[in-house]
Amino acid sequence: MKLFAMLGAINMALGVILGAFGAHALKARLSPEMLSVFQTGVQYHIYHALGLFMVAALLIPYPNAGGLRTGGWILLAGILLFSGSLYLMALTGIRWFGPITPIGGACFIIGWIWIFWAVLREL
């Protein structure tokens, strides 16, 4: 539980830092399209950092639900792949980071379904 709370906290901090960086430092340096790409990365980063906190909270009533941990790790992979690829694409202009993004999106979907299944099995 503590690990996912820590992962949630550090990812929330990174999301806020990157959001502020995008809004202030990158606003004049990126095209509106690339700034939007960057901000989409921030948005999903923060949503799923909150998901990591949710995993930590769910581990309190369901400490033996190993699937919760697996779902949390899959969400973390989604943050790295989805948001990370968007950050890199916006900052570098290299478009081949784009095909990585849907893999991260799939991780988000799979992670949430995994979490759902883990809780369902505990009922």
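**Helix packing around H2 and H4**

Q: Is the crossing of H2 and H4 left-handed or right-handed?
A: Helices here are DSSP runs of H or I with at least four residues, numbered from the N terminus. A crossing is left-handed if the near helix is turned anticlockwise from the far one by less than a right angle, and right-handed if clockwise. In this predicted model, the crossing of H2 and H4 is left-handed.

Q: Which residues of H4 make the contact with H2?
A: Contact means heavy atoms within 4.5 Å. H2 contributes Tyr44, His48, Gly51, Met54, Val55 and Leu58. From H4 come Phe108, Trp112, Ile115 and Val119.

Q: How are H2 and H4 oriented, roughly parallel or roughly antiparallel?
A: Axes are lines fitted to C-alpha atoms over the stretch in contact, with angles from 0 to 180 degrees between N-to-C directions. H2 and H4 pack at about 20 degrees, their axes 12 Å apart. Angles under 35 degrees count as roughly parallel, over 145 as roughly antiparallel, 65 to 115 as roughly perpendicular and the rest as oblique, so H2 and H4 are roughly parallel.

Q: Which residues of H1 are buried?
A: Residues are numbered from 1 along each chain; side-chain values use heavy atoms, without hydrogens or water. Local features need pLDDT of at least 70 and side-chain atom pairs 80 or more, while totals for chains, interfaces and linings use all residues. Buried means under 20% relative accessible area, exposed over 50%, partly exposed in between (1.4 Å probe, protein chains only). What covers the buried residues of H1 includes H2 and H3; those buried residues are Phe4, Leu7, Gly8, Asn11, Gly15, Gly19 and Gly22.

Terms used. Helices (H or I, at least four residues) and strands (E, at least two) are DSSP runs, numbered from the N terminus.
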